[in-house]
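Please consider the structure shown below. The paragraphs that follow lead through one part of it, strand by strand.

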Amino acid sequence: MGHFHRPPGRKENEFARFGHHYTHAFFTIPAQPPFRLQRLSTEFVLPSHAYADDAEIIQFMSGLELVEDKHVVIAYGINDCEGAAVIVSMDRVDGMLRDVEEGKEVVDLMQPLQTQRRL
C-alpha cells in the first residue's frame, strides 16, 4: 500500500494545518531480492462515511491484513481524528493491479488525478 500527498505545492488551509488530499495505491514487489516494483494500481481514495459521492480530504491507510487469501482488511485514519476499517476482496485488489515494466519507478507511472477514483 502506497500513499501520495496531493496536490503538489499544497499549502496549509482552514481545513488542514499540515497539508491535505491523500491518495493511495496498491503495489507488489518480489518476496526475494532484487526488490523492484512488479505491479501497481491507479491512485484511489476511500469513500466518505458521511457523503457517498465524496471522500475526506485527509485519509491515511495505516494497516493491511490479509484474511484467508480472500480479503484484505484496511485500517485507516479519517481527518486525523477518527479511525475506520474496510474489507476489500483480493479479486478487487488484483483487478486494480497492472504489470510494471522492469526499470520503471512509481514516479514514471503516476499522473495527476483527473477524476476521483474511489475504492
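Two strands are said to pair if DSSP finds at least two bridges between them. The strands themselves are DSSP runs (E, at least two residues), numbered from the N terminus. The model is predicted, so that local features need pLDDT of at least 70 and side-chain atom pairs count only at pLDDT 80 or more, while totals for chains, interfaces and linings use all residues. Residues are numbered from 1 along each chain as its sequence is written, and side-chain values use heavy atoms, with hydrogens and water left out.

In this model, β5 and β6 form a hairpin with three residues between them. Within that turn, E68 has a positive phi of about 50°. Strand β5 covers residues 59–67 and runs antiparallel to β6, to which eight bridges join it. In this pairing, L66 stands opposite V72 of β6.

Strand β6 spans residues 71–78 and has two faces. V72, I74, Y76 and I78 make up the covered face, whereas H71, V73, A75 and G77 lie on the uncovered one.

Strand β7, residues 82–89, pairs with β6 in the antiparallel sense over eight bridges. Here A75 stands opposite A85 of β7.

What order do the three strands take in the open sheet? The order is β5-β6-β7, with antiparallel pairing. The edge strands are β5 and β7, each of which pairs on one side only. In general, strands of a sheet pair through backbone hydrogen bonds, either parallel or antiparallel.

Note on methods: Buried < 20%, exposed > 50% of the residue type's maximum accessible area, 1.4 Å probe, protein only. Helix = DSSP H or I, 4+ residues; strand = E, 2+ residues; numbered from the N terminus.
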